[in-house]
Amino acid sequence: MLKQIEGSRAVAEAVALSRPEVICAYPISPQTHIVEGLGELVKSGALQPCEFINVESEFAAMSVAIGASAAGARAYTATASQGLLFMAEAVYNASGLGLPIVMTVANRAIGAPINIWNDHSDSMSQRDCGWIQLFAAHNQEALDLHIQAFKLAEELSMPVMVCMDGFILTHAVERVDMPTQAQVDAFLPPYEPRQVLDPAEPVSIGAMVGPEAFMEVRYLAHAKQLMALERIPQIAAEFAERFGRTTGGLVRPYRTEDAETIVVALGSVLGTLKDAVDEMRDTGARIGVLGIHSFRPFPLAAVREALQHAKRIVVLEKSFSVGLGGVVSTDVRLALHRLGQAGYTVVAGLGGRAITKASLTRVLNEAMQDKLEPLTFLDLDWRIVNRQLERERAVRRSGPIAENLLRDLGTVASKVS
Amino acid sequence: MMSPIKFYQTGTFTVGNRLLAPEQRSVQSSTERHNSLNSGHRACQGCGEALGARYAVDAAMRATNGQLIAANATGCLEVFSTPYPETSWQLPWIHSLFGNAAAVGTGIAAAMKVKGKKDVRVIAQGGDGGTTDIGFGCLSGMFERNDDVLYICYDNEAYMNTGVQRSSATPHAARTATTMAVGPEPGATFGQGKKLPLIAMAHEIPYVATATVADLRDLEAKVERAFALRGARYLHVLVPCPLGWGAASHDTIKLARLARETGLFPQFEAEGGEVTSVTQIRHRVPVEEYLRPQKRFAHLFAGAGRPDVVAQIQAEADRNIRRFKLLDEQS
Amino acid sequence: MLQIRIHGRGGQGVVTAAEMLSVAAFEQGRHAQAFPSFGSERTGAPVVAFCRISEREIRLREPIVEPDVLIVQDRTLLHQVDVFQGLKPDGWVLINTRRSFDELGLADIGARFRRERMTTVPASEIARKHLGRPLPNAVLLGGFAALAGMVTLDAVVHAIRDTFSGALADQNAAAATEAYDYVQNEIRELAHAQAD
């Protein structure tokens, strides 16, 4: 059924349709509307049987999910940014134990400085832990991916993180097609655990594993992600067949077939990129877009296949590895090993800075003329950066950096966007 | 059902008595006991925690007809009971992290509830470090939500598994690796530390109790009482650690008893934040008798010693006796 | 694609206004995207919300820098924030105020754009009359519906009933309708004035 609702609401309803049994809720912007929506559905009786638990921290949220999942219940939680970091120990624990928890990460920057707006630094910080990471480009995909995620997680016995841009998607009201309960039930069977805490058949879960077996246990997590490389497109295809639309999958190319330049990105910026690319195509530019929807497992083969014919690759990312440069770029580069293409990293949108079609067009034009540096920071204000560096050179007690920069910028309130 | 039979204990104690009716005997005396923490684990000789865990979990298994799931924090108990690829546990058991046993317990309880498995009960257990320090947030959360979990803390008064470091349960003046017996204030600092049973009571949860490995029946009765109730429950068990306390491995039970008889470890029950029963001190002893056999207090007696510090510890014992009426003549 | 930008202060329901607008467009079978400017929205602080309406799927995700329509819920913003920044040359403007456009000191602004497309409506007063409180957001949408019929009043009322319930829905719907009539009248008079 078509609805015009907030992204968070869409996700809450999709999660509810997936019949979760235990939901752990701890508030953090910008995911809070999701757990609030679910809380209401449980309390009103619309979603039952389901236990909705208001936990005391994100660490508790993931821990409660671990207990619930190990005891055989379908468990769900949501977080972002600082919350994801606070539960990091438990995040590794969940994937290490192979528990099929599904979690929404409403992508948000990590402080300091504290920032509530969108970028991908949070989920990127956990890219090595063993969780499957799926990225949504729009709210329809965000809701669809949750349904696909439960199926994927439970089949493989691995937890799945569904990443959606905080505010940009979570707080955008747009049209979505919400499936029916019957449709979801036909697609997603009840949870059948591979391991479960059951008095009838006692097992011990969580033993210490020493040098004699740790590598093997860890490899098995990787093996499951390699299986996921097969399963993710299959599940997306099954979903398409049942629900009538294409969402999820490993990658989705757009106008790349004859492209000389291809821009690679994750998340909601793909929408703006497609608009920019359409306009550039109208002027004769041979440019296309590749959306990556499964970031972990990283689809090396699919990325290579989609990009290998192009002359140059621009990776546009909302993530940044301090001291190195791009994060996604590194993975993409690995996929393009030995192809000798020109590669550009454009770091954009950190901390929620708007990525405009105009800026994208400008930087992509520069890329197409090979006038771009290997690493670019889109719309970075070099004046205030340099002013701060000078300040630090001049005096020892230069004061807190963020405060200095904000003062240099002047009043922010008067800006429109 | 608190045992109406009193056994006079003189340096040893009676586990079962053939003169008692079978239903009045301790769980441990039964050949039918679950042996939930089976033999073969790697605990030290004289480990109070291994003893306490076996007593408590066997009692829990009987109280729940074997319908029990356990969540365990990282620590000595978890480490010595599950040396890969073996496990001592005869019940479904999960170890997740150091600080989240209570939260994992909450999750398991929620799963049982949502699946309609009312008879399956949950315990979460850990040492003092995992309970009073790193696990404190999750514990308080479980308490305030009144989740249906019995949390058992095995208190050996320091982070033993990592080499005897101070926790907020470490008694004043005790030597640990991070509160060395040097300087003008040797050992753990006075004025610091916290008493988890009192904090648990402040949450006004359905049941809080303290026990030791010296009083088997009392411990078993308290576990049984706990499972007659629903909601958040807390059991704090004093478990001497020969290695960490610097005591003889055969003194474990004796030291636990002395902790009670000095007044340093009040043994009581509370419901809804109010004390409902107190185990009286049978034969009061000065704290020195308890402190001397432990090398972690040796610096209080070496050479001229520190009688002033011993006096401070004695004052703590006196305060407990007053506060909990451990020497009530009426009793 | 139509791009609408709504200015107001925290607590005035600016975000809800944009959302209701998107619902109204949805009711008419269009694609619509509504989102706030994500500032630290405390009561009283300047707030901006955006709405895009299109016949086709909307893929663009950036703040609206060149709006076709500007709705100003709080006239005290006019000299504090540059609300007119980026407005298209033939854009529409609707301001919540009792005063006239010229009384607001916007004559020179009017000269930069198309004067007959810039009007005011006393939405807070109309709201106070119907709701008992000066909450202008839904009311202004009624006024918006009268601006060249980009969205019908019917759809706006539908969206209002979607968002509010009971008496509040009725009151808001009535207020929005009154605002619609008011603005329709204003626009007609402006067109005549322009023709003269």
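This dialogue reads the interface of chain A and chain C, then the fold of chain A, in a predicted model.

Author: Local features need pLDDT of at least 70, side-chain atom pairs count only at pLDDT 80 or more, and totals for chains, interfaces and linings use all residues. Residues are numbered from 1 along each chain as written, chains are lettered from A in written order, and side-chain values use heavy atoms, without hydrogens and water.

Reader: How many residues does the contact take from chain A and from chain C?

Author: Contact means heavy atoms within 4.5 Å. Chain A gives 30 residues and chain C gives 28.

Reader: What area is buried between chain A and chain C?

Author: Buried area is the accessible area (1.4 Å probe) that two parts lose on being put together, summed over both. Here that is about 2400 Å², with 55% from carbon and sulfur atoms.

Reader: How many salt bridges does the rule find across the interface?

Author: The rule wants a side-chain nitrogen of Lys or Arg within 4 Å of a carboxyl oxygen of Asp or Glu. It finds three between chain A and chain C. One of them joins Arg61(C) and Glu174(A), at 2.9 Å, N to O.

Reader: Which element gives the most to the side of chain A that touches chain C?

Author: Elements are DSSP runs numbered from the N terminus: helices (H or I, at least four residues) and strands (E, at least two). Strand S1 (2–6), strand S8 (173–177) and helix H10 (269–282) of chain A each give two or more residues. H10(A) gives the most, five.

Reader: How much of chain A counts as buried?

Author: Buried means under 20% relative accessible area (1.4 Å probe, protein chains only). Of the 417 residues of chain A, 59% qualify.

Technical notes:
Buried means under 20% relative accessible area, exposed over 50%, partly exposed in between (1.4 Å probe, protein chains only).
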